[in-house]
Amino acid sequence: MTSDRSHVSVVVIGAGQAGLSVSYYLQRLGLEAGSGFVVLDRGPGSGGAWQSRWEALRIGVAHRINDLPGMDELGLSFETADRSAPARDVVADYYEQYERHYNIPVVRPISVRRVFNDGVALVVEYADGADNLHQVETDAVVNATGTWGSPFVPWYAGMNRFEGEQLNTTEYVSAQDYEGRRVLVVGGGTSAIGFLMELENVASELAWASRRPIEFLDEGELNLEDGRRAVAAQDEAAREGRALPSIVSGTGVPRTRRIQSAIERGLLVPKPIFEAIEPDGVRWEDGSFQAFDVILWATGFRPELRHLAPLKLREKEGGVSVGNGSSWKDPRIFFAGYGPQASTIGANRAGRTIARQVMAQLSTF
């Protein structure tokens, strides 16, 4: 059942770092919370995708979390946050305080079903917790859904015949769930490395497979030039409407002391990707077989854009054409945290730019 249609100038979809950053600047540019803009979020509480991360993940181990704009006014900073508490709890707490302090109007938990055109009107349709449908007519949409809801698992021969357990990053809860089991971790990013270090003394057997060699950076931190190239590659792909490349593939993995220690004891030595998956294990490229009970796919994510399908923004190259945060096909649709903005610092910096573009778009009505 669909309720009466309401109207608001801007709908922000997603209350993670990108959505909150844009919302902050929309307010600073004069848009009133509630009547001028509203934020729709599927999470049960504050924290964006962080509230779904596994319990053992800590801020000092995860990607760097940059502060939201204006967070210093609350006396909060992730630089001084508790490193012993789960990252998901710290981020949820800080984001909740932030939303409350700046009176950001977040409607949750909801599920955005579709964004579509009804004549000349742009409409966002979402379902509430009771599965009732609601529609909001709007002048602009800021899509800040990120990627957590769209994990990517590549297809390999035989994977549908594997008799053990298969799961992706979003489904991982605790290393203890795999105590005494033979686990294969697949993927070349920081999540795969984190899983390996958590499972090291828990799984009875542990292996790592990656389709590309892993570059461990001797500097211990990201090289700025490599970082710029990776961001430029993301930006080029977004502008051309291609699928977005992996950031890690362009920057490498910092060789921290913890990671260096794991390399030296032989834990972080990936094998080339297997030839095929068999019912009880994998067949490596040299023809040898290794048995596994679990395959953990830490193979990345894709932007979550299914709800935008009715607008037909996707290009034949597989992506969406986005330049400076806005759709090149529909000037009413903006993308926060997409492509070169995907990092926390990128999303924060883009928040001001996107908010200004949104306000400029509103002035044309």
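User: How many helices and strands does the protein chain have, and what share of its residues is buried?

Analyst: This is a predicted model, and everything said here should be read with that in mind. The protein chain contains 7 helices and 19 strands. Of its 365 residues, the share that counts as buried is 51%.

User: Which span should helix α2 have at 1.5 Å a residue, and how far apart are its end C-alpha atoms?

Analyst: Helix α2 covers residues 87–101, which makes 15 residues, and at 1.5 Å a residue these should span 21 Å.

User: Which elements do the buried residues of α2 pack against?

Analyst: The buried residues of α2 are A87, V90, V91, A92, Y94, Y95, Y98 and E99. An α-helix has 3.6 residues a turn, so residues three or four places apart point the same way. After the helix comes N103, whose phi is positive, near 55°. The elements that the buried residues of α2 pack against are α1 (17–28) and β3 (106–107).

User: Is R332 buried or exposed, and which side chain does its own side chain meet in a polar contact?

Analyst: R332 is found in the loop between β18 (326–327) and β19 (333–335). Its relative accessibility is 15%, and R332 therefore counts as buried, the cut-off being under 20%. Leaving aside neighbours within four places in sequence, R332 is in contact with several residues, among them N117, D139 and Q361. The polar contact of the R332 side chain, at 2.7 Å, is with the side chain of D330.

User: How many salt bridges does a search of the whole structure find, and what is the distance between the closest N and O atoms of R42 and E304?

Analyst: A search of the whole structure finds 15 salt bridges. One of them joins R42, in the loop between β2 (37–40) and α2, to E304, in the loop between β16 (294–297) and β17 (322–323), and these residues are 262 residues apart. R42 is partly exposed, with a relative accessible area of 43%, whereas E304 counts as buried at 9% relative accessibility. The closest N and O atoms of R42 and E304 are apart by 2.6 Å.

User: How many residues apart in sequence are D293 and R182?

Analyst: D293 forms a salt bridge with R182, the closest N and O atoms being 2.9 Å apart. D293 lies in the loop between β15 (289–291) and β16 while R182 lies in strand β8 (residues 182–186), so the pair ties together parts whose separation in sequence is 111 residues.

User: Which residues are linked in a network of salt bridges?

Analyst: The residues linked in a network of salt bridges are R5, D118 and E137.

Methods. Residues are numbered from 1 along each chain as its sequence is written. This is a predicted model: local features need pLDDT of at least 70, side-chain atom pairs count only at pLDDT 80 or more; totals for chains, interfaces and linings use all residues. Side-chain values use heavy atoms; hydrogens and water are left out. Helices (H or I, at least four residues) and strands (E, at least two) are DSSP runs, numbered from the N terminus. The expected span of a helix is 1.5 Å times one less than its number of residues. Buried means under 20% relative accessible area, exposed over 50%, partly exposed in between (1.4 Å probe, protein chains only). Contact means heavy atoms within 4.5 Å. A polar contact is a pair of N or O atoms within 3.5 Å; within protein, one must be able to donate a hydrogen and the other to accept it, and residues adjacent in sequence count only if both atoms are side-chain atoms. A salt bridge is a side-chain nitrogen of Lys or Arg within 4 Å of a carboxyl oxygen of Asp or Glu.
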